[in-house]
Amino acid sequence: MQVWNILGIEATDDTAKIKKAYAAKLKQHHPEDDPEGYQRLREAYDFALKEAKRHRKQAASAASAEPEGLREEDGTSAFFETETELEQHHKAWHGEMFDLDEDGQEEVGSASEPETETTYVHRRVADFGQPLPREQADPAESFMERIERLYEDFPSRIDPNRWMEELNSDAIWNVSIQSNVSGRLLYFMDDHHFVPEAVWTMLEGTFHWSEMAAEDPEEFKDEFPNVYAYAVEKPSLLHLGYSALLQAQDADVEDFLWLREKGLLLMLEQDYESAAELLEEAAGMFGADPDVVRLLTECYVQTGERDKALQASSELIRLQPDEIDGYLHRARLWLDQGNLNESLQDANRILERNPSNRLALSIAGRCYMKLGELDKAYGMFKRIADEQPNDIEAVLALADIDMQKLDALKARPAGGKQAERKKLLRALGSKPLGLRLKQGAYFLLAGKWVSLVILIILHLYAASSFAKYTGESLIGYFAHADKPLEIRTVASVDELGRLPAKVDGVRFTLEKAQYTGVVQVTTKEEDEEDEGDISYLKEEEAQKQGTDSVITGYVFVGELNGKQLIVLANQKQAEQMGGRGKIELEGTVRDTDADIVSEYQTWRSHMAEAEAAAAALPEKDEADKIKNSLERMKKVQMNLPFMYPKPETYVDAVKTPTSDGHVRIPVRFYILFFIMALFYISVFAEIRRIWRFLRYN
């Protein structure tokens with residue numbers, strides 16, 4: 001089976017991809033569940049990294065100096081003296097020279113010699129076909145060889161003095177090769193980044209990689225992500241300890257460090273459950289690392305596993321009895337569980353080592369308050385307030401203690417309590433209102449600026465979207481939510497024009513109704529929430545276009561007190577008007593659409609043409625019938641197309657006023673309002689907290 005098939009990826013020199021593939025396969029071949037599969041996977045992983053590093057080193061070397069014998073005429077960056085050697089290396093790179101036999105051992109093809117203890121420098125020299133003596137080797141190569149040996153020896157790797165010795169060597173101060181050394185070491189350290197913070201500081205001070213990163217931060221970060229994180233950004237959270245691993249005799253240090261780092265990164269992404277799984281696996285390999293135990297404690301606290309968190313914090317105290325982290329975690333856990341004496345004991349241990357530790361003072365103060373020892377509690381919070389006068393928790397705690405003392409004083413019998421009461425009232429005295437308001441605004445913005453910005457954005461979005469959808473503002477919509485409908489009965493077209501805006505609809509009797517042949521067509525997409533696109537056209541045209549299935553209204557013209565009125569009716573109303581010509585309707589008065597006006601005027605024009613057509617009809621009875629109809633129409637002046645001004649309103653009897661009186665709000669607005677409510681709850685809780693501060697400070 002080939003190396004890359006085992007890892008499940010194509011051949012690559014990208015170490016990040018190789019490590020990602022190894023991590024994915026590691027879940028399928030756990031060392032305890034599948035030791036043979038794990039062995040094959042580990043061998044494939046080591047070989048892939050080895051080949052990737054060799055490719056990248058060759059690329060770095062080619063960029064700084066071309067070796068003698070390099071053939072440029074054919075465009076090949078030749079690190080091999082002959083074409084045969086190049087082909088053999090190509091086969092090895094793609095897995096043809098590295099297979100595993102049935103026992104999981106490497107089988108090397110006949111094209112390569114058995115691996116010896118020849119160093120990387122000697123292999124490079126052999127590749128060029130120039131068997132130079134060791135003392136004549138390239139100084140940069142010799143330096144990189146020493147760095148590799150230094151890294152492989154874990155005790156030396158974590159010793160800053162050993163790195164200082166190498167960084168003071170002649171190869172570093174040789175100007176002609178310094179750039180070459182810096183480039184090679186940059187690639188090496190990106191692949192081998194598990195070194196102490198002091199080592200990264202020395203490397204950065206020597207090679208100034210942060211200046212290189214400043215030229216193009218994104219490109220540098222993509223090319224050297226680990227160097228960027230550990231040497232350029234240098235967040236203190238990433239730099240963990242290594243000295244405890246000197247005791248990890250049987251553990252695979254590299255796997256342990258990878259699991260520990262991956263767990264920490266998952267914690268920074270707030271994926272505490274996944275982080276705990278990796279950290280537990282690391283602890284199974286070596287459980288005496290304080291950093292892993294500390295990270296596990298934090299994970300257990302975040303996931304709510306209090307018992308595990310207590311156990312881990314106790315283990316951290318055992319590993320580091322002189323450090324305060326374990327005591328601090330355990331003190332908070334004891335306090336949350338109500339074990340006040342145990343929590344107070346751990347807090348006092350912290351204060352013995354660091355008397356000004358704010359968290360320990362706060363824990364001790366809260367314990368004393370719950371135990372009823374108000375004077376001791378006051379002393380703890382007073383120490384915090386003396387160091388940080390604007391600490392809200394300390395100020396509120398001191399105010400609460402003074403209020404409790406004042407209440408207790410009121411309950412006591414008279415006798416000497418007046419002076420003490422005045423003292424407490426002076427302690428509860430307030431600053432000028434303007435100053436307190438400024439302080440309150442500062443605290444609110446400092447503590448909840450993100451929530452306030454999000455609320456402003458949500459309000460702007462909600463206001464614009466809501467008004468666009470409903471035609472009303474949020475305040476206007478809900479202000480009229482309970483308003484009863486007002487439907488007014490009208491007897492003439494003139495009354496329609498004089499209706500006040502507060503009238504929701506009209507009730508009237510339409511006479512001599514005639515169908516104009518014009519229909520309302522509404523088209524909309526399936527996922528649209530609004531009314532869709534509305535158009536008006538001849539019914540015959542709608543049938544030709546295939547839109548007769550989405551007809552939502554029929555345009556009629558009738559009389560209301562002798563004057564014409566345009567009405568949009570539904571199918572049932574249209575059938576009734578077609579049979580009787582008279583109907584009682586309810587509807588909403590709307591401004592006339594331009595399409596309706598156009599179709600209405602066209603219909604009236606055709607009425608005048610009908611009289612001339614009637615005279616040419618051969619059948620006398622049919623001609624008389626049309627003439628009589630036109631005579632009737634003349635009485636109401638319907639045959640004169642522009643006798644009346646263009647109608648400005650019509651009655652929509654399709655959408656009649658309902659008890660709702662409002663457009664129905666879609667679900668997305670309710671979700672938006674719920675999210676806004678959550679942010680408001682958070683902000684109001686902070687305002688309440690600040691209000692207490694303003695009252696007592």
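**Helix packing**

Guide: H21 passes H22 in a left-handed crossing, meaning the near helix is turned anticlockwise from the far one by less than a right angle, with clockwise being right-handed. This is a predicted model, where local features need pLDDT of at least 70, side-chain atom pairs count only at pLDDT 80 or more, and totals for chains, interfaces and linings use all residues. Residues are numbered from 1 along each chain as its sequence is written, and side-chain values use heavy atoms, with hydrogens and water left out.

Visitor: At what angle do H21 and H22 cross?

Guide: Roughly 155°, and the axes of H21 (residues 358-371) and H22 (residues 374-387) come within 8 Å. So H21 is roughly antiparallel to H22, the term for angles over 145 degrees.

Visitor: Which residues of H22 make the contact?

Guide: Lys376, Ala377, Met380, Phe381, Arg383 and Ile384. Contact means heavy atoms within 4.5 Å. By class, the H21 and H22 contact has eight nonpolar, two polar and four charged residues.

Visitor: Switching to H8 and H11. How far apart are their axes?

Guide: 9 Å, at an angle of about 15°, for H8 (residues 160-167) and H11 (residues 197-207). That makes H8 roughly parallel to H11, the term for angles under 35 degrees. The crossing of H8 and H11 is right-handed.

Visitor: Who touches whom?

Guide: From H8, Pro160, Trp163, Met164 and Leu167; the H11 side includes Met202 and Phe207. Nine residues of this H8 and H11 contact are nonpolar, one is polar and none is charged.

Visitor: And which residues of H2 are buried?

Guide: Thr15, Ile18, Lys19, Ala21, Tyr22, Ala23 and Leu26. Buried means under 20% relative accessible area (1.4 Å probe, protein chains only).

Technical notes. Buried means under 20% relative accessible area, exposed over 50%, partly exposed in between (1.4 Å probe, protein chains only). Helices (H or I, at least four residues) and strands (E, at least two) are DSSP runs, numbered from the N terminus. Axes are lines fitted to C-alpha atoms, for helices over the stretch in contact, and angles run from 0 to 180 degrees between N-to-C directions. Angles under 35 degrees count as roughly parallel, over 145 as roughly antiparallel, 65 to 115 as roughly perpendicular and the rest as oblique. Ala, Val, Leu, Ile, Met, Phe, Trp, Tyr, Cys and Pro count as nonpolar, Asp, Glu, Lys and Arg as charged, and the others, Gly among them, as polar.
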